[in-house]
Amino acid sequence: MKFLHRFLPKGIGKLIFRFTNKKFICPFCFNKRLLSEIEFRCENENCFLEEDKKLADFQKATAIRMNKTFPATATSSIQKEAQCPDCKQNTTTRICPECHNTLPFNIGKYPEVMFAFIGAKETGKSHYIAVLINTIETKIATTFNADLSPLDENTQKKYREEFYSPLYQRKEVINITKSARTDYNTRMPLIYTLKFSKKSNKKITNVSTLTFFDTAGEDLNDEETMRTENKYIFNSQGIILLIDPLQIHEIREVLKSKNVNVNLPKENEETKDIINRVVRLIRKATGLTDEKRKIKTPIAIVFSKIDAIKEILEDNTELFNSNEHNGYFDIKDANNIGKIIETCINDWGGSGKALINKVKVNFKSYAFFGISALGSNPHGTTINEQPQPIRVEDPFLWLLYKNKVINSNQKMILYEKFRYNTKEVTEVLSLVGKKVIEWSINTGKLIAQLLNYFFSKL
Ligand SMILES: Nc1nc2c(ncn2[C@@H]2O[C@H](COP(=O)(O)OP(=O)(O)OP(=O)(O)O)[C@@H](O)[C@H]2O)c(=O)[nH]1
Ligand SMILES: [Mg+2]
Ligand SMILES: [Zn+2]
Ligand SMILES: [Zn+2]
C-alpha cells in the first residue's frame, strides 16, 4: 500500500496514506502512534513464553513472562488478525508497541473521549465514579436512548470489584485509592463504549469510546508524580475537579456554629495548589507556554457531598432536584446551578475568590456544579441504604456536550426566543402597516380634495 502511494499524484497519495494510517493514543501509556504500528500477542497457551520487558516496566515489576509479541505485517490500514510466526496460530490480541498493554479491540474506530477525575484526598472521587457509571447505565440509558458497555473483561472486573460491589452490594464505603506509584492498578482506566440510538427504530446514531480515570488524591500533592503517573490529566478531553465542601475551613466553621451533625473529614491539600499543578502540567505537556492563551480542556468544578451541607444551602432547593435532561444537556438549568455554586465558593472569602479567578484566567471552558454521590452521610465505613445520587450526571453531560457527543437545548432556547421575537416583530409590523395604510388613505383623501378644489376653480 505504502509503495502504491508513490505512483499517485502527490496530494492524493498523502491523503490516502493519512486516511488509511490514522493515529491512536494508547489509554495506558498515552503515546501517540500509527494504527499500523500496533503489535500482536500470541494467544496459544502452548506457544513459547518470553520475558516482556516493556510490560514489566509499565507494571513496575522485575520480570514478567508472557506469550510472544510480534509486529503487524500490513504497513497501513488496521490489521485485525495476525499469524504467530512460531506456532502459526491466528491471534486477535493487539497490543501497544510502547507499553505492551492489550489495546481495546475497537481502538481507532470511534472518537475517544477520556475524562480525568481529580481532587484532594477524600473529596469523593471514587464514590462519584462508582455512582456515575451506575447512573449512566440506568437513568441516562433511558432518557438518552443510550447504552454504556464495558469494553473488556478488565473494565468489567475493575468496576465490579472496586466500585460497585462495596457500595451497592456490601453497603460499605469504598477504600481510599492507593498511590499509582505503588499500585499500578490505579493507573488502569475504566473503558466503555457509549452508544446512542434513535427512539423510533433503535438505529445507532453515535458511538464513542469513553474512558474514566480515577486518581489517588495523594498523587496530586506532587507535580513529578502527576507528570509520570497521571499522564491522563494532560491527555484528557475533560477534567472533573472535585471540591469537598466539608474540607473548607469557612464552611466547617458555619456547620460547627449551627451544630450540624456530620463527620468532618481532615482538611486536606488546598484545591488551589492542585489547580496550580494541573495548569503547569497541561501547559508544559501541550507546549502552551504563552500565558495569554488559555487551556482548551474543559474543566468542571464540582462541589461534592452537597447532602452534607443541605442545612446551610436550604434556600437552594433546585440544587437538590435532579434534572432529567431528557435527551440533551439542559443549559438553562446548568447556568442556574452554576451560579449557586459559584456564589457559594465566592462566599468562602479570599481563597474561594482566588480559586474562581484561577480557573477563569487559565481555562477557556469551565462550569460549576453541585453533586452528591451517596445522598446522605455514611456512618463510619457503612452506608444505610443504596446510594441516592443527586445531580451526578450534570458535569458528565456537560463534558459530553463540550466534546460534541450530545447536544444541548441551546438551539431549542434560541428557536423559542426567535419564535417569540418573530411574534413581537409581526405585531409591530402589522401596527406600522396599519398606520401606513391609514396615512396613505388620509393623504389620498387630502390630495383628492385638493384636486377637486383645483379643478372646480378652472
Ligand atoms: N456525605 C457524603 N459523604 C461522601 C460522599 N461521597 C463520599 N463521601 C465520604 O467521603 C469519603 C471519601 O470518599 P472517596 O470517594 O474515597 O474519596 P477520594 O477522593 O476517592 O479519596 P482518595 O482515593 O484518597 O483520593 C468516603 O469514605 C465517604 O465517607 C457523598 O456523596 N456524601
Ligand atoms: Mg479514591
Ligand atoms: Zn501504551
Ligand atoms: Zn504462538
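Predicted model: local features only at pLDDT ≥ 70, side-chain atom pairs only at ≥ 80, totals over all residues.
Reader: What distance separates the C-alpha atoms of Val425 and Lys88?
Author: The two residues are 337 apart along the chain. Their C-alpha atoms are separated by 76 Å.

Reader: What separates the centres of domain 1 and domain 3?
Author: The domain assignment gives domain 1 as 18–95, domain 2 as 112–408 and domain 3 as 419–458. Centres are taken over C-alpha atoms. For domain 1 and domain 3, the separation is 83 Å.

Reader: What radius of gyration does the chain have?
Author: Start with the extent. The C-alpha trace spans about 125 × 80 × 50 Å along its principal axes. A compact globule of 458 residues would have a radius of gyration near 23 Å. The chain has 29 Å.

Reader: How many of the contacts in the chain with a separation of 6 or more join residues 24 or more positions apart?
Author: The chain has 13 helices and 16 strands. Of its 458 residues, 35% count as buried. Among contacts with a separation of 6 or more, the share from residues 24 or more positions apart is 72%.

Reader: Which helix gives the largest share of the shell around ligand 1?
Author: The shell has 22 residues, and the closest are Lys125, Ser126, His127, Thr177 and Gly217. By class, eight are nonpolar, nine polar and five charged. The largest share is three residues, from residues 125–143, helix α4.

Reader: Is Phe30 buried, exposed or partly exposed?
Author: Phe30 lies in the loop between β1 (23–25) and β2 (32–34). Its phi is positive, near 65 degrees, though Phe30 is not a glycine. Most residues other than glycine have a negative phi. With 17 C-beta neighbours inside 10 Å, Phe30 is partly exposed.

Reader: And Lys60: buried or exposed?
Author: Lys60 is in the loop between α3 (53–59) and β5 (65–67). Lys60 also has a positive phi, about 55 degrees, without being a glycine. Because 12 other C-beta atoms lie within 10 Å, Lys60 is exposed.

How values were computed: Residues numbered from 1 in each chain as written. Chains lettered and ligands numbered in written order. Near = placed C-beta within 6 Å. Helix = DSSP H or I, 4+ residues; strand = E, 2+ residues; numbered from the N terminus. Nonpolar A, V, L, I, M, F, W, Y, C, P; charged D, E, K, R; others polar. Domains from an automatic or database assignment. Rg over C-alpha atoms; globule rule 2.2 N^0.38 Å. Buried ≥ 20, exposed ≤ 12 C-beta atoms within 10 Å, placed from the backbone. Contact = placed C-beta atoms within 7 Å.
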